[in-house]
Amino acid sequence: MENAKDRAGRAVRVVTMDVIVAALIFALGAVVVYESYRLGSRWGADGPDAGYFPFYIGLLICISSGVVLVQSLFRLKRESKIFVRQDQFMQVLVILVPATIYVLGIEYIGIYVPSLVFIGLFMRFAGKYSGLRSAVVGLAVSAIAFMLFEVWFKIPLPKGPFEKLIGF
Amino acid sequence: MEELNALFHGFSVVLTPHNLLLMFVGITLGVIIGVLPGLGGANGVAILLPLTFTMSPTSAIIMLSCIYWGALFGGAITSILFNIPGEPWSVATTFDGYPMAQQGRAGEALTGAFTSSFVGALVAVLLFTFLAPLIANFALQFGPPEFFSVYLLTFCSFIGTGKGNPFKILAAMMLGFAMAAVGIDIITGGLRLTFGFTELLSGFHFLVAVIGLFGIGEILLSMEEGLSFSGHTAKINPKIVLETWAKLPRYWATSLRSCIIGCWMGIIPGGATPASFMSYGVARKASRNGDKFGTGQLEGVVAPETAAHAAGTSALLPMITLGIPGSPTAAVLLGGLLIWGLQPGPLLFVEQKDFVWGLIASMYLGNIAGLIVVLTMVPFFAAILRVPFPIIAPIIVVICAIGAYTVKNNMFDVWMMVAFGAIGYVFKKLDYPLAPMVLALVLGDAAESSFRQAMLISQGDLTVFWSNWLVGSLTTLALALLVWPLFAALLARLTAPSGTRGAST
């Protein structure tokens, strides 16, 4: 028990997240309401205007998230259920951050090479597999995808300088 | 009967070694396409259409329809194993299929899904064989008011007995509608909610949202417990198919109901997706174990899969008899027909008997062949889950990225996928339900445009939704389904014996 608590470090409570998320959703709803009003949200002679439905949708978003916000604010002091512990959140970041960098990589050098790097590095450093095994799996997946999409199905995926070198 | 004769003639056309080979090739290709999220049955058929130009029309349509079946089956595989719906109509399968896989019952879920799909498609094909002209006429009666009432019915049947904070459910659903509204407004042609971002011109595509929310979101959730988390221990049990088959007859009522829902949803261009949601919602309301749906009930897999495949198959019917495709994939097949110089319509049955009955025969055989192929591979599929998480997690991310990109050849969608992944992670932990949000995203646009078209026709008069027996009964049924849970709860409280009431106060 001691170890678990030490390991956990800091944590964020569910109610805190509830408040934040409800507030964000409320803001989103407000934006939708404003934009719909701008577009015209009346019921004309031919039926509703373009902004009619989005207006009420936005309104309902604001109302429902507003209720959740108030409910959560009332529970802010009492409830202690944990949303995520620091160690858990770190684990989530272990894939989320590389995944984001991966997508950035796709943007600039195509999909096949970043896929190889992403899988290989993840297996090596997060999964603690040997460098050889990681490289093999990464290469296999990348190569199969390449054959499947570029050669066989002829569905163009983002490509970069490496693929240009081999004539694709 | 004349139809049976024609059918047997059709079988004789199909059962040549050449065509049988094409069938198996088609099914295998279809499964691969169905498994890759984002590729979609319609895309797959479209891509492989040119391959068939060198074949005779009969052989070509046989192979293409088998690709179609394969894709239908394949969509269920990733839904159950990884919570990533490979096709839009597989979303509802994830609700109970994925929990089952997480409990080590992947083989059971897969078998249940494939068998239900087979049953649904078979019933639809039987309908096809004997009732083709009748059903075709029915499809013609659907105009905008009828379409809207169908979508309303889908929503009302799905929402209802949801547990949890009703305001969170409402917020999630409204967010889905808001996302559906982004982009070009169909009626006026103007831009809505794009805020000057050109990337948002085509709005949020449902598949990108789903891949992110369900697929990436699930990976983020699984990462919390760290990478010592090894693959699900699904035992490779070759007898799993037989064991599951023993359990399935229990759900014959669900199956029948889902077939009916699927068949008539497929005939109207409503599609397999609303059919699967509606069937799931109705099954949840009607079943004794309704409140356990979502935790891994086999029935929760049977219902949507039967309906989705019945609908997917019936979608071919208006295509052939009327030239009205009931689904995007049927639209591509229609294109193929036209390329081969075949004119869809009632005359097709008369002038091109070989072709039509060959197609119908291939639907029976393709379905059976498909079932055999996927069932033999169930233990193998289930074994994929045993691959350790550190290996499979990045691979899934890669597959999701490919899927998100291929939807519209757009990098923006891949970024959206990551964003939706984070949203899915947070929403799941805070109990904001994803299912209503996804349903709203899928149907929101179509529902709104059919509503506004109906209004244009009736010039703002809401009573158009009760203007004829068809639309009136659908609308009333929809509203009834909506208020039923409230009514039932009220009834239960009023008729509770006084003893229990005393105890609770």
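Modeller: Ser65(A) is buried, since 27 other C-beta atoms lie within 10 Å. A residue is buried if 20 or more other C-beta atoms lie within 10 Å of its own, exposed if 12 or fewer, and partly exposed in between, with C-beta atoms placed from the backbone. This is a predicted model, in which local features need pLDDT of at least 70 and side-chain atom pairs count only at pLDDT 80 or more, while totals for chains, interfaces and linings use all residues. Residues are numbered from 1 along each chain as its sequence is written, and chains are lettered from A and ligands numbered from 1 in the order in which they are written.

Biologist: With which residues is Ser65(A) in contact, leaving aside its neighbours within four places in sequence?

Modeller: Two residues are in contact if their C-beta atoms, placed from the backbone, lie within 7 Å. On that basis, Ser65(A) is in contact with Ala22(A), Ile25(A), Phe26(A), Gly29(A) and Ala171(B). Ala22(A) is 43 residues from Ser65(A) in sequence, yet their C-alpha atoms are 5.1 Å apart.

Biologist: Is Asp431(B) buried or partly exposed?

Modeller: Asp431(B) counts as partly exposed, with 14 C-beta neighbours inside 10 Å. Its phi is also positive, at about 65 degrees, although Asp431(B) is not a glycine.
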